Amino acid sequence: MSSSALPKTGASPLAPKRSFQSLASTNLAPTDLAHAHTPSTASYAQLVPSSTANPELRTNSGNTRVVMALLSELWIFNLLVVFAGTWFKTFWLGQYLGVQDYELWNPGCWWKIGLLFPLPYTIVCFFGICLPFRTPKFLNYEAEGIKKRRLDNLYILTVTKGDNREAVYRAWEAHRHLERMHPAIRVHVLTDEPYFFEGINCYTCPKAFGTAHSKYKARALEWYRQTMRFTEHDWVLHLDEESVIDDESVRRVVEFIEYEKEFHFGQGVIFYNQYKYWNNWFFTVADALRVGDDVSRFALQYTYFHRPVFGAHGSFLLTNGLVENAVTWDLGSLTEDYQFAMKAWDHGFRCGKICGIVREQSPLDLVGFMKQRRRWYVGVRRLPNFLPKIWTFFWTLGLVSLVCFVLSVPLGFKFHYDTPRWMAVAADFNFVIFLYMYMLGIFLQDLDKKVNPFLMVLRVLITMPLTVIASFLEGGSVAYGILQPPSDFDVIKK
């Protein structure tokens, strides 16, 4: 495809907007400019004809259209499951589990009260999965005459330290063909010096570049922002090194940019089925809760609140150039993505939901899993804003609830106190929400992978007992963060 065949945009479709002056705007001395590695003028993704590209190397496959269509109707089923499950456990099983109606409180309630601590979280998730999951499936923007928002550049940016060569090239092979989908799309990889990769659109943040507060990923993103000189017509889709986005989701990202004009940043659903899915049952089930979180709590945030009340993920984060330049990435946090979203809110920017999917992978080992969760917990807790401190307080209460659950088993055998009906309803509601979110996360990811229906049912059933282990993994990570908070950013192996 030649550049003359592409529609005109604010920048050449083959050449990202950069110059010597853009590099000079960074905090580098003139002698350091040679270390700021950037690709050649033409995009490597465009230089390789699509006919010669190896389709077997492309890993950005998925079932996005089907999953999103199902989610748009699933809220009715979710409502029935939650109410039916709570009724079944409280009123049918309750007659065998010692649930009673003749007293409101007894001594056994003291160690059972902790089972109610997750209630604020589960109520939020309930509204998230039981309110309509809005998608633009019935909208025809062109037929309705909705004018497009101008789009000059959409940078699909994979951010990586660069030491995992296999992951870098895997991401590049998955995404490079996307530049042929739309004249504004650029596929870039951002690394830290000394990791620079020839033959791809690789941008390498030099060691000499410094900021007042940021380190590691945020520092590299700040260098990239200054180098690219974003305008209000530029957008960046942030992806982690193991993240992959499919063609259908990219189309939906472009639709979001062009038609959702009131929003300046957005996010979609992240699955953890891209690589080594179900290799480790425990981590696969543990990350299924994150999928459930995306289609409940975060869906509520992006569909109805349009404010980052619950924060944001660092991957599948779509940002406009105005937001990038107003907030910048000069942030001093272990969770720079969450802090970025809160600062964007402070500047008055609104966020929306992208009806697409990005696929990642779960941690490979227990140490990596716990360090990942520990960084999130401590990083969010240290943010100066009020809401993050509230959410981490409830996060901590989840650990207390887990301890109460463990204690209630031996104490229940020693002291025979029945559970008041009101407490049983609340505790069983929590149980049903958590269990259903784990199971829903597994079901959606299997559907996306087009798993055999019989295997899908088997995996959903296997998920039920594994949620207990997953809960202990999550609780142990919180305890790890309390007892031994990280002094710096942990990079885990994936």
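The lining of the second largest pocket in this predicted model divides by class into six nonpolar, two polar and eight charged residues. The space in this pocket comes to about 360 Å³. Its lining counts 16 residues, and those closest to the centre are Arg65, Glu248, Arg251, Arg252 and Glu255. Helix 8 is the main contributor to the lining of the second largest pocket, giving seven residues. Helix 3 and helix 8 each provide at least two residues of that lining.

Helix 3 and helix 8 also pack against each other. The axes of helix 3 (residues 64–92) and helix 8 (residues 247–259) approach to within 8 Å, with a crossing angle of roughly 60 degrees. This angle makes helix 3 oblique to helix 8. On the helix 3 side the contact involves Thr64, Arg65 and Met68, and on the helix 8 side Glu248, Ser249 and Arg252. The residues of this contact of helix 3 with helix 8 are one nonpolar, two polar and three charged.

Two packed helices are described by the angle between their axes and the distance between the axes.

| Helix pair | Angle between axes | Distance between axes |
|---|---|---|
| Helix 3 and helix 15 (residues 421–448) | about 155 degrees | 9 Å |
| Helix 14 (residues 386–414) and helix 16 (residues 453–483) | about 125 degrees | 9 Å |

Helix 3 and helix 15 pack at about 155 degrees. That makes helix 3 roughly antiparallel to helix 15. Their crossing is right-handed. By class, the contact of helix 3 with helix 15 contains 20 nonpolar, five polar and four charged residues.

How are helix 14 and helix 16 arranged relative to each other? They are oblique to each other, and helix 14 passes helix 16 in a left-handed crossing. Helix 14 brings Trp395, Thr396, Leu399, Leu402 and Val406 to the contact, where they meet Ser471, Phe472, Gly475, Val478, Ala479 and Ile482 of helix 16. The residues of this contact of helix 14 with helix 16 are eight nonpolar and three polar, with no charged residue.

Rolling a probe the size of a water molecule over the atoms shows where empty space is left. Over the whole structure, three cavities of 30 Å³ or more are found. The largest cavity holds about 60 Å³ of space. Its lining is made up of Ala167, Arg170, Ala171, Glu241, Glu242, Ser243, Val244, Gln274, Tyr275, Glu360 and Gln361. Helix 6 (residues 165–175) supplies the largest share of this lining, three residues. By class, the lining of the largest cavity has four nonpolar, three polar and four charged residues.

The peptide bond from glutamate 193 to proline 194 is cis, with omega near 15 degrees. Proline 194 sits in the loop between strand 3 (185–192) and strand 4 (202–205). Lysine 276, a residue other than glycine, has a positive phi near 60 degrees. The loop that holds lysine 276 runs between strand 7 (265–271) and helix 9 (281–294).

Methods: Residues are numbered from 1 along each chain as its sequence is written. This is a predicted model: local features need pLDDT of at least 70, side-chain atom pairs count only at pLDDT 80 or more; totals for chains, interfaces and linings use all residues. Side-chain values use heavy atoms; hydrogens and water are left out. Axes are lines fitted to C-alpha atoms, for helices over the stretch in contact, and angles run from 0 to 180 degrees between N-to-C directions. Helices (H or I, at least four residues) and strands (E, at least two) are DSSP runs, numbered from the N terminus. Angles under 35 degrees count as roughly parallel, over 145 as roughly antiparallel, 65 to 115 as roughly perpendicular and the rest as oblique. Contact means heavy atoms within 4.5 Å. Ala, Val, Leu, Ile, Met, Phe, Trp, Tyr, Cys and Pro count as nonpolar, Asp, Glu, Lys and Arg as charged, and the others, Gly among them, as polar. On a 1 Å grid over the protein atoms alone, a cavity is a set of points where a 1.4 Å probe fits but cannot get out, and a pocket is an open set with protein on both sides within 12 Å along at least five of seven lines; lining residues have an atom within 4 Å of a point. Grid points are joined across faces, edges and corners, and a volume is the space filled by probe spheres set on the points. A crossing is left-handed if the near helix is turned anticlockwise from the far one by less than a right angle, and right-handed if clockwise.
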